Amino acid sequence: MILLSFRRTTFSLTELPESYHSLKSISIYRRKIISAFIRQNPSIPYCFRVSTVYFDLLTCHAIMKSISFPVDLPEVNRMLQLLIVEDEPTTREALASRIDWESIGIRVCGQAKNGLDALEKLETAPADLVLTDIRMPRMDGLQLVEEIRRREYDAACVLLSGHNDFPTAQQALRLGVSDFLLKPCSPKEIRSAFEKVASRVLAEKRQAESAQGLQRQLLKNLPLVKSQLLRQWLHAPALATENRLETIDKLRIALSPRDVVVIALQMDNRALERLNYNRTDTELLHLAAANVALESLEQALAVPVESVTEPGMVLAILNGSTAELPDSKLAAAIKTVRINMDHYLRVSVTAGVSNRASDINRLNEACLEALNALELRFRQGAGGIYFYRDTASKKEVSALESELWQREEAASEHMKSRLFAEAMNDAEQWLISLRGQEGLTRSQVRLRATAFLGRLLQLARERGSVGYAIPLDWISLDDQIARTDTMEELSGFIGRVIRQLTEALLPHKKPKRKVQQALKLIAEQYASPSLSLAGVAKSLFVSGSSLSTLFKQELGINFLDYVHQYRIERAKALLQSGDRKIQTVAKEVGYFDEAHFTKTFKKWTGQLPSQYRKQVQGP
């Protein structure tokens, strides 16, 4: 069981019982837990602030390897303590000394002269067994047994009586005495009776301690049990025979049965890839992420929260009516989660929030709504907070089908005619139309993109230059499209593919002399915002229209687009090699306006300059 907290300041690792040392995994898991978090933030424990890592090896083994494990129960091997209660001093002393109590696992812990004296001794030194006479002054034996039962002392009582009368025996049975001995009785008879009583008491104590051991083990594994149960509730409807309200109480689940909200927190796949963790470290990262989400939400919303880990995701469950938890308050709390995830774990997350389910039996419906809300991430970008209600309004898919088809046809025709700038523009308009089709799911969008690019890929294979290898095939195309997490990433990928296919369709020959001279001037003057078609044409003593026509014929792209591409390539090199500000980079490659530079950079790369820098330089 791993309990992590980023709010406190201590970091420690509890030692394991000696009986666990035979398991070889202790040092491995210890290193895994610590190294995972040190890699995420080198300033541990001061910055990350892990409170205490309670490292129970058996439980951790069960979580990591899904194996069963034995319950280690304590042995009951101590001597039973006996209190002798008798008003006659001679008899009391004989009972204590003439029987070899220790040979049957019993030690005399005290002697009392009557019931009241016995109760005083039991208050300070509890006994397992009580041997008492019945007839005594102030408080007799029956009254003593009755008071022992009332005070709930855990002591087995044996009565000594000189009178064989039925009412006394009946009352003794009613009080639950373990045995009833008639005087006079020999030490052998007393010993024999106590051997049976001691055996029964030891058996009961072992059974009770076994039950306590099982209870302790259950409490240790309660987080794992709760997590598995909540995961089942999140993905399956309630059975007619199950009582979830009763289960919530028994397993101490911090939820009430009404007004249930599910928040799905999806981790950014690119961030996980950069961390490059192995399977075990990734599992530990998920546990830490769940704890960060739980503590952040509890602190921000002041409501109990339960969390469950899924591959690449944390599902948080909480309660609250619209009045108690308005959407604005939920959004602010989720923003805190995002900040803490990024700060402590170097992971960015996107949130999908369900509507409020009326009761806990509809938890799976709320979970499905939260996951559906996350679909907006693909269209609107990672790092957002999306509510299920925002997915309710859908446009008819068929209304824009013809427009998509027209764009695809136009792009194909322009590629055939080697009008590559026009083909790029067609692709951009196609993406705009695709974004407008809100009725399409993410898988449908990806399928449509695969079909469109596949069509262009086939065209490039049929018409490409001899000896030029097409950098893509159907399998890698489908795989790379499937890996795009957002519409923004898909847009960038489509742009890159079209540019690659453009190279395949270009006649690979040396450009004409005037075009070579123009390219040289662009390489020399790209940093100047005044670089223009007219200026370059004047330097080469040709008209602007002639130079523009030559560019399209020789390079398949117009002059301005080539300049933008060249500047963006130079900007990418600057972003890779240093820590210049975006504004500085923009000016160094010929853009006076940072906003214009950012827009152009995104058009040709599919990413913002800051996103590109983060991708190539790492967190």
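Residues are numbered from 1 along each chain as its sequence is written, and side-chain values use heavy atoms, with hydrogens and water left out. Because the model is predicted, local features need pLDDT of at least 70 and side-chain atom pairs count only at pLDDT 80 or more, while totals for chains, interfaces and linings use all residues.

The structure holds six aromatic pairs. Rings of Phe, Tyr and Trp (its six-membered ring) pair if their centres lie within 6.5 Å; planes under 30 degrees apart count as stacked, over 60 as edge-to-face and the rest as tilted. W101 and F194 form an edge-to-face pair, because their ring centres are 5.1 Å apart and their planes stand at 85 degrees. This pair links distant parts of the chain, 93 residues apart. W101 lies in the loop between α3 (89–97) and β2 (106–112), and F194 in helix α7 (residues 187–220). Helices (H or I, at least four residues) and strands (E, at least two) are DSSP runs, numbered from the N terminus. W101 is buried, with a relative accessible area of 4%. F194 is buried at 0%. Buried means under 20% relative accessible area, exposed over 50% and partly exposed in between (1.4 Å probe, protein chains only).

The pair of Y591 and F597 is tilted, because the planes meet at 50 degrees with ring centres 5.5 Å apart. Both residues, Y591 and F597, are buried. Ring pairs join Y591, F597, F601 and Y612 into a cluster. Y591 also carries a charge over its face: R567 lies 5.3 Å from the ring centre. R389 lies over the face of F387, at 4.6 Å from the ring centre. A charge sits over a ring if NZ of Lys or CZ of Arg is within 6 Å of the ring centre and within 35 degrees of the ring normal.

Helix α4 spans residues 115–124. Its buried residues are G115, D117, A118, L119 and L122. The cover over these buried residues includes β1 (80–85), β2 and α5 (141–150). At the start of α4, a side-chain oxygen of N114 reaches to within 3.1 Å of the backbone nitrogen of L116.

S161 is found in strand β4 (residues 156–161). S161 is buried, with a relative accessible area of 4%. Not counting residues up to four places away in sequence, S161 touches D133, I134, F180, L181, L182 and K183. Contact here means heavy atoms within 4.5 Å.

How values were computed
Polar contact = N/O pair within 3.5 Å; in protein donor to acceptor, adjacent residues only side chain to side chain.
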